[in-house]
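Look over the sequence and the model first, then read the points by topic.

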Amino acid sequence: MIHHDRLIKVATSLSLSNYAHNSGCGGKIWILWGEAYSVTVISSSAQYIHTKIVYNPLGMAFFASFVYASCDGYERRALWADLSAIGTGISAPWILGGDFNVVSNLAERLGGRPAMGSNIEDFNEFVESNELVDGGYVGSKYTWCNNQQGTRRIWARESSLQGCMEFLEKYSACSGQKINVEKSSFMMHSSSPSTLVNSISQTTGYQRKTAVMMYLGAPICAGRMKVIYFDGLLSKFRNKLAGWKANFLSQGGKLIMIRHVLASMAIYLLSAVVTPKLVLQSINRIISTFFWGSQDGKPKRKWVSWKTICKPVSEGRLGIRGIEEVVGSFRLKSLWNGLENKSIWASFICGKYNINRVSLPVYVPPPNASKFWKECASLIPLIVKNSVWKVGQGDMNFWLENWSNEGILAEAYTGTEVPSTISLKEVVDADFIISGINDPPISLLRRLFESRLMADSDMRLWAPTTNDSFTVKSAFDQIRDVASVCPFASFYWANFIPIKLSVFFWRALKNAVPVDTRIQNCIVSLASACVCCTQQQIETFNHLFLQGKIAADLWDHFGSYFGIHCVDFIDFKDLIWAWFNVAPPGSQMGCLAALIPMLERNRRLHNDPPASFISTRLKVLKWIHDLNPRLIVKKRSPATFKNFLSASNISPTQVRRKPIKILRWSTPPQGYFIHNTDGASVSRIAAGGGVIRDSQGEIVAAFHSSYGMGTNNLAESRALLDGLALCRQMDIRNIVVRVDSHLVASWFHAKGEIPWSLQRWWHRIRELSQNLNLFVAHVYRELNAPADSMASLGLTSNTDRIFLSDFPTRLVGLARLDRLGFPYIRNG
């Protein structure tokens, strides 16, 4: 008799919602399966259940018989007869599994009374007559025990290790690849009997690994990953750093080595295995100590936390990738490949962990899932948030997926209660009439469905990239914590500024320069006296770099060319902000003077003789001279900048300019209309416009449209679409289209890949173009001035309008100048 409560409890604990049993014949056989399978029970008895199973992801069907044979030999003979009758009518794959309560030879059993020869013969005859093959096994040789003690203890096996070895031999014979026995090993539980271990070792020829074995540098173990398994990785870092002369590297040089070497050393291993947090912390500590330096084997003070450092330079950090975010981006890649690849491995992952597309947004990994998969599954919300769809059959979540490419519906209709596991296909079949959605949203949903991206089959697209392909870089940008943009960063990380000086400015902004008062703030007893001035004032940051004798003289000398005087500022940051904003572009190289006070202070602390103002000024000028090849001076460069270079005896690098072009509007061929379109986007608000003229240049129609949030490419594409629709409406068939966007012109001629976000608009453009005699060409922006004026009008008015008469005055004037052949000047 079966206990249904117990069966349901077991099914729930395994996260399996479907089950079958032979309750009418004793109830000793239970079958449980997940959503990836469809199981149909064909027949059953007290000793077996015969089923047909379909693996849904691949559509693969096979037969399976689940056996729990009787201990009585006569009843087992009846079982062999029933199974033989079933096998006679099967032409598809057939799998038998379970407890047969008999062995095929005496080596499969250890202990207890000897097995009867007649029972073994009956079983082997059944196997041979039905052409069954032992599938082999992985794991312990003996998989069943009667839990008795002494001579009554019986060990038996239910599958064959020998079968595995025979398979490997066949593989070697077919592939020509020989298995290296010395490099091969097996692992077993620490309490496994020595006789069993020896038996497996003799059968395979492999050595047993007791704790962990390494494969391609990655540790493989049974159970929890331990920090000691990653000693080899940490030693790699230490050995690499030991070969570098860290004391001879500036912090700028160290930063380069961290970005391009150290930050990449652990990527392979960390992407392949679950790594303890302590290992990640150890890697961060090693790299951080290298950056801040050490003395006598002891790390120096780390003035800024490593987490703060590991952000892009645009956010006021050092542009180092955080190792935790790197690990997360590779977990996201593994998740994407498991969900979206069409490989057998991806299908296996989805089947093993009971994953389907409709319920993916609310997916919870089963309790017995691996830790690696749990880490991947925790990022499913990020996959859903950053995905859009090309809709085929509609087998995706209607409420929680972005199938319309306009956003997730659940976020737009927060108060609506709709089943979270309903698919788009089910909603379309119901004509969008489902409980919880009122009439107005239903009409909107129908319009969204009509404008969807279409494909032969459902395809998830990665939204952060324009070509809809998943990349680790884009995943990293989605995982990391984004900070506000630092207004200083674009100045002090300029290409012509040495990276060591950029690091210095960064430290200055982070209050990470070890002047006396900063050291005192670290609870260090220190008498402060500035060695760079005769008054021996307290050495603060502003005093050393702004108000001290050396700093004030240098700033007054170099800042006088641009009207900047240090007496006007009380804070060093305000002075630098003024320098970067008031001084012309390129003159920021004068900020090299900021490094001199620190260098001179360090010299005097080591009892070196003080340098004169002339020598310090010449040192700055030498730096500027060395940077000159990176500087570009144009005719439009301010005179103050040129005077500064001239006073420093530095010859500027002149830039050759392209010649000026004279452009004139040209009429289209006789019988054709010319259609100019243009798009504009300001602060992410997009608009477009266009004008249609006849072969004489007279205006026939014009329009402008507002598109809401969007990019310039969206505005250009939709303006072309609106213009073609207007031509179609006016029954204009012969059209010469001129646009000032190279991308739009190339996309029309099928050159280049159209971003996924624009594909639905271009699908409509292709449809409208089919019955038109159409030529599309690129022109310079100056020749597209009438369309540009209409796009600007759409941007400022935030309205949609079509003009068939009473055209805007500016548009009429520009069209008249074109007809008169008025030239446009294009600067090279």
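The protein has 32 helices and 26 strands. Helices (H or I, at least four residues) and strands (E, at least two) are DSSP runs, numbered from the N terminus. This is a predicted model: local features need pLDDT of at least 70, side-chain atom pairs count only at pLDDT 80 or more, and totals for chains, interfaces and linings use all residues. Residues are numbered from 1 along each chain as its sequence is written, and side-chain values use heavy atoms, with hydrogens and water left out.

**Overall**

- Of the 828 residues, 44% count as buried. Buried means under 20% relative accessible area, exposed over 50%, and partly exposed in between (1.4 Å probe, protein chains only).
- Accessible areas come from the Shrake-Rupley method with a 1.4 Å probe; for residues, only the protein chains shown count as cover.
- Among contacts with a separation of 6 or more, 62% join residues 24 or more positions apart. A contact means heavy atoms within 4.5 Å.

**The six-stranded sheet**

- Six strands make an open sheet with mixed pairing, in the order β24-β23-β20-β21-β22-β25. Two strands pair if DSSP finds at least two bridges between them.
- The edges are β24 (773-778) and β25 (801-803); each has a single partner strand, so one side of each lacks a neighbour in the sheet.
- From one strand to the next, the twist averages 15°. Axes are lines fitted to C-alpha atoms, for helices over the stretch in contact, and angles run from 0 to 180 degrees between N-to-C directions.
- Strands β20 (residues 673-682) and β23 (residues 734-739) run parallel and are joined by five bridges. His675 has Val737 as its bridge partner in β23.
- Helix α28 (residues 712-729) lies across β20, β21 (685-693), β22 (699-709), β23, β24 and β25. The helix runs at about 150° to β20.
- Helix α32 (residues 809-819) also packs on the sheet, where it touches β21 and β22. Its direction makes about 130° with that of β22.

- Strand β12 (residues 212-215) runs antiparallel to strand β13 (residues 218-221), with four bridges between them. Met214 has Pro219 as its bridge partner in β13.
- Two residues lie between the strands of this hairpin, and Leu216 takes a positive phi near 55°.
- Leu216 also belongs to a nonpolar surface patch with Tyr215, Ile220 and Tyr268. Together they have about 450 Å² of accessible area.
- Patches are made of residues with over 30% relative accessible area and no salt bridge: like charges are joined within 9 Å, nonpolar side chains (Val, Leu, Ile, Met, Phe, Trp, Tyr) within 5 Å. A salt bridge is a side-chain nitrogen of Lys or Arg within 4 Å of a carboxyl oxygen of Asp or Glu.
- Tyr268 sits in helix α8 (residues 267-272). Tyr268 counts as partly exposed because its relative accessibility is 46%.

**Buried helix positions**

- Val327 is part of helix α11 (residues 323-340). With a relative accessible area of 11%, Val327 is buried.
- Leaving out residues up to four places away in sequence, Val327 touches Leu270 and Leu280.
- Helix α20 (residues 499-509) is mostly covered, with eight of its eleven residues buried. Among them are Phe504, Phe505 and Trp506.
- Asn511 follows α20 and has a positive phi, near 55°.
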